Amino acid sequence: MSDIFDEFIVKDLKLKNRVVMPPMCMYSSDETGKVMDFHICHYNARAVGGTGLIIVEATAVEKRGRISANDLGLWDDSQIEGMKRIVDEVHLYGAKIGVQLAHAGRKNETDEDVIAPSPIMFNFKYSLPREMTLEDVDVVVEAFGQSARRAKEAGFDFIEIHGAHGYLVNEFLSPLCNERKDEYGGRVKNQIRILKQIIKRVRQEWPDEKPLGLRVSAYEYDAHGNKPEDISFMINMLKDYGIDIINVSSGGVIDCKIDAFPGYQIAYGTEVKKKTNLPVIVGGLLEHHHMANEIVKNGRGDLVYLGRELLRNPYWVLQAARKLEYDYKEWPKQYERAK
Ligand SMILES: Cc1cc2nc3c(=O)[nH]c(=O)nc-3n(C[C@H](O)[C@H](O)[C@H](O)COP(=O)(O)O)c2cc1C
């Protein structure tokens, strides 16, 4: 039986514990999409606090793939240096670090050539997207590949493809926003085609021994939307192209209210784990050390993510170790007197 303080190994990535900081947009860059001093301080604080795996916020693979004008990007070689700074600093404090490669699709709020599988608006606050041409598909696939190359050059341990929350990849996967009549819409094998191309292209740049993850919205909160069994079916068709771990989230595909409570997404993650046989990162409104530990101990997820709780408390891991009376060996030596 594992707990949150056990190591976790996937491919060549060895994590010192099972606590993950999920990607969270900080909207703190500028038009350049480059890393700012804030990002260094922000990610470092969670590394010093003991987080096992940090996943850098949604990072745009194309300028028009940004969610906001303040997103980080890896669409240009000039953005590698700042990312390398984050990676090198975080490594100094014993955490491993990944980056979430993302394209906003119809949820691009910059109004810069908003593209999507089909011309359907998210809601009236967003632009009406332009239906992607086959050339647009090729450009996006190549952008993911080039960004993966840059992530490798920056020294990241892990790449996560953002396939959740109603952004571009998710828009193709969901019957709620993909009404295409060509080879990218209709049947499941068509809906997953762009993601398959992205995975294959990323894998040309990202070494086989390094893990590649996929974030999914396993439940879309609509009777006609994807559910864990649909998403698992898709993952099973894709995993042999090089997906090693699934980060399970939900929602964001349509504009609706979600009844969120601590642990509200865990069952979706457990179902994806069972149906795909891949390790899963699960979470959603987790705060309490016993609850996070229970999820791993009972095998309901392999790793747990704490988003907003880690924003409130970068030292969550150190505090959890103390409360669970775990003899934690990785305490930063400067802080040992607080142990
Ligand atoms: C400020 C903020 C920014 C977020 N940005 C992203 C993002 O860039 N990519 C992503 O997949 N999820 C994003 N999320 C969702 C989180 O990764 C996480 O799934 C969500 O907050 C639920 O976990 P929590 O209840 O522990 O915060 C964001 C959430 C917050 C609060």
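This text walks through a predicted model of one protein chain, from overall shape to single residues.

Start with the whole chain. Its secondary structure comes to eleven helices and 13 strands. The C-alpha atoms fill a box of roughly 60 × 40 × 40 Å along the principal axes. How does the radius of gyration fit a compact globule? For 339 residues, such a globule would have a value near 20 Å; the chain has 19 Å, so the two agree.

Next, burial and contacts. Buried residues make up 60% of the 339 residues. Take the contacts between residues at least 6 apart in sequence: 71% of them join residues at least 24 apart.

The accessible surface comes to about 14000 Å². Carbon and sulfur atoms account for 49% of that area.

Why does Ile97 count as buried? Its relative accessibility is 0%, and the cut-off for buried is under 20%, so Ile97 qualifies. Leaving out residues up to four places away in sequence, Ile97 touches Leu53, Ile54, Val56, Ile86, Val87, Val90, His91, Phe156, Asp157 and Phe158. Glu294 is 197 residues from Ile97 along the chain, and 25 Å separates their C-alpha atoms.

His289 lies in helix H9, residues 289-297. Is His289 buried or exposed? Its relative accessible area is 11%; that is under the 20% limit, so His289 is buried. With residues up to four places away in sequence not counted, His289 touches Trp316, Ala320, Lys323 and Leu324.

Finally, the aromatic rings. A search of the whole structure finds nine aromatic pairs. One of them joins Phe172 and Tyr184. Their ring centres are 6.2 Å apart, with 70 degrees between the planes. The pair is edge-to-face. It links distant parts of the chain: Phe172 sits in helix H4 (residues 168-173), while Tyr184 sits in the loop between H4 and helix H5 (188-191). The two residues are twelve apart. Both Phe172 and Tyr184 are buried. Elsewhere, ring pairs link Phe5, Tyr326 and Tyr328 into a cluster.

How values were computed. Residues numbered from 1 in each chain as written. Predicted model: local features only at pLDDT ≥ 70, side-chain atom pairs only at ≥ 80, totals over all residues. Heavy atoms only, no water. Helix = DSSP H or I, 4+ residues; strand = E, 2+ residues; numbered from the N terminus. Rg over C-alpha atoms; globule rule 2.2 N^0.38 Å. Buried < 20%, exposed > 50% of the residue type's maximum accessible area, 1.4 Å probe, protein only. Contact = heavy atoms within 4.5 Å. Areas by Shrake-Rupley, 256 points an atom, 1.4 Å probe, with all protein chains shown as cover. Phe/Tyr/Trp six-rings, centres within 6.5 Å; stacked < 30°, edge-to-face > 60°.
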